[in-house]
Amino acid sequence: QNRLDLLKLILYDLNSAIAPREVRLVAIQAALDEFDHDDEVLHDEELDLRADHILLQKLAYAMCIDPGSDEVGYICSALEMVYRAGRTRLAQSFHEICDSLLPLIVEMIRPPLPGKHSAEKNRRGTVEEDLVSSPEEKPDLLDGENSLNNKPFMEPVDPLNASRRYTYGD
């Protein structure tokens, strides 16, 4: 019962951590520490508490902010850990979230556009190293309104001239 209560607290903190980035990284690190084991029954409990859904939400958010960030890698590691569950529970989880998860995975393995990622972006460190990095290096879109050079987050799109993005199933 104590582990279940701790797990609920960790998942609540993870689900609630939005901004700033350091808060998300602390919550992800707590989840990584809790999920790093090989007990299928415990991983089934994590999935029963919707850890997969919470991690999917965090992954989608991190991919929108910076698809090449270490944060994306940490979230994927946590997702891999909870997916060490039993086959039946794993299949149920994947069936629930596969329509949302697969496009994110495809986006991660797609080669980056030229000039989009610098050599420094490809560096992999630890969560602790990322926590001590300066905020100027990795701005968070929610830290201030239009904080990135006071430019709007999204430019208007002309629906008549915009190309349609095809998704799985089209």
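How do H1 and H4 lie relative to each other: roughly parallel or roughly antiparallel?

A: Happy to! A word on the ground rules before the details. This is a predicted model, in which local features need pLDDT of at least 70 and side-chain atom pairs count only at pLDDT 80 or more, while totals for chains, interfaces and linings use all residues. Residues are numbered from 1 along each chain as its sequence is written, and side-chain values use heavy atoms, leaving out hydrogens and water.

The protein has seven helices and zero strands (DSSP runs of H or I with at least four residues, or of E with at least two, numbered from the N terminus). Along the sequence that reads α-α-α-α-α-α-α.

Now to your pair. Helix H1, residues 2-16, packs with H4 at an angle of about 25°, and their axes are 9 Å apart. The axes are lines fitted to C-alpha atoms over the stretch in contact, with angles from 0 to 180 degrees between N-to-C directions. H1 and H4 are therefore roughly parallel to each other (under 35 degrees; over 145 is roughly antiparallel, 65 to 115 roughly perpendicular and the rest oblique). H1 contributes Leu11, Leu14 and Asn15 to the contact, and H4 contributes Ala51, Ile54, Leu55, Gln57 and Lys58; contact means heavy atoms within 4.5 Å. H1 passes H4 in a left-handed crossing, where the near helix is turned anticlockwise from the far one by less than a right angle (clockwise is right-handed).

At 1% relative accessibility, Leu14 counts as buried (under 20%; over 50% is exposed and in between partly exposed, with a 1.4 Å probe and protein chains only). Leaving aside residues up to four places away in sequence, Leu14 touches Ile54, Leu55 and Lys58, along with Ala27, Ile28 and Ala31. Ile54, Leu55 and Lys58 are also among the H4 residues in the contact with H1. As for Ala27, its C-alpha atom is separated from that of Leu14 by 4.9 Å, with the two residues 13 apart along the chain.

H4 (51-65) has another partner too: the buried residues of H6 pack against H4, and also against H3 (40-48) and H5 (70-82). In H6 those buried residues are Arg89, Ser93, Ile97, Cys98, Leu101 and Leu104.

Finally, the whole chain: 32% of the 170 residues are buried. Among contacts with a separation of 6 or more, 73% come from residues 24 or more positions apart.
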